[in-house]
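Hi everyone, thanks for coming. I'd like to walk you through one structure today, so please have a look at the screen.

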Amino acid sequence: MPKPLVRVYTDYKSPYAFVANKRLFSLEETHGVELEWLPYTLRVAEFMGTVEERTPHFWRKVRYAYMDARRYANAQGLVMKGPRRIYDAFYSSVGMLFAQRHGFFRPYHDTVFRKFWSHELEIDDLAAITDVITACGGSASEFEAYVNGPARAEHDRIIDEAEALGVFGVPTMVFNGELFWGGDRIDMLIERIERPETIEAALGSRHRKSV
């Protein structure tokens, strides 16, 4: 019997995606769903503007957002240090896809998030991400061949598909065609999952796609 599917779009450089992980993974046990993790690599300049364009109001909002995310992190015993610069998370995002394909997604995912937010990992450094891949049991040569081969096209296709669904930020969960943005929407997602009619619809959709 297939499980209801919840698609999760995430990005390793998002503090709110980091602190949402624990509750999302718990849904697999508490609600019997299957999580499909996909990258939505945020283009910071696109939604925040250039540094020169940012106003004092904007920086007050940013400082508060990190303070708020750090509260959630501290409650989970997580270390969250402010990012040192603007990062392009492409290598870490395609590392996520590679790790899923080769059976070590969870250790990769947890390691990248933990090390990035404790300033132990540069997620835009191919060699650093390759080191995480090999530490999790993956092949460095296969990963680098993937990065230099089909990774960019696959990554960009996933982003385009996400945006066609209406995704604009992370974490975003998609269940039965409905979007839930942010860790504070997980309770609303759970309420939808617990509705018998939405479970039937989600399972029916999965069945139709498999035949």
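Predicted model: local features only at pLDDT ≥ 70, side-chain atom pairs only at ≥ 80, totals over all residues.

The protein chain has 211 residues, and 43% of them count as buried. If you take contacts between residues at least 6 apart in sequence, 74% join residues at least 24 apart.

Let's go to the sheet. In what order do the 4 strands sit? The order is E2-E1-E3-E4, in an open sheet with mixed pairing. Strands E2 (34-39) and E4 (178-181) are at the edges and have a single partner strand each, so one side of each has no neighbour in the sheet. From one strand to the next, the twist averages 25 degrees.

Now zoom in on E1, residues 5-10, which pairs with E2 in the parallel sense over 6 bridges.

Helix H9, residues 186-193, lies across E1, E3 (172-175) and E4, and runs at about 10 degrees to E3.

Next, a helix pair. The axes of H1 (residues 15-30) and H5 (residues 105-117) come within 10 Å and cross at roughly 145 degrees. The crossing of H1 past H5 is left-handed. On the H1 side, the residues in contact are Pro15, Ala17, Phe18, Asn21 and Phe25; on the H5 side they include His109, Phe113 and Trp117. By class, this contact has 7 nonpolar, 2 polar and 3 charged residues.

In soluble globular proteins, nonpolar side chains tend to be buried together. Here the largest nonpolar core has 58 residues, and Val6, Leu24, Tyr108 and Ile123 have the most contacts inside it. H1 gives the most to this core, with 7 residues.

Let me finish with isoleucine 123. Leaving aside neighbours within four places in sequence, its contacts include Tyr12, Tyr87, Tyr91, Val112, Phe116 and Ile129, and also Lys13 and Asp88.

Thanks, and I'm happy to go back to any of these views.

Methods: Residues numbered from 1 in each chain as written. Heavy atoms only, no water. Axes fitted to C-alpha atoms, helices over the stretch in contact; angles between N-to-C directions. Helix = DSSP H or I, 4+ residues; strand = E, 2+ residues; numbered from the N terminus. Left-handed = near helix turned anticlockwise from the far one by under 90°. Contact = heavy atoms within 4.5 Å. Nonpolar A, V, L, I, M, F, W, Y, C, P; charged D, E, K, R; others polar. Core = buried A, V, L, I, M, F, W, Y, C linked by side-chain atoms within 4.5 Å. Buried < 20%, exposed > 50% of the residue type's maximum accessible area, 1.4 Å probe, protein only. Pairing = 2+ DSSP bridges.
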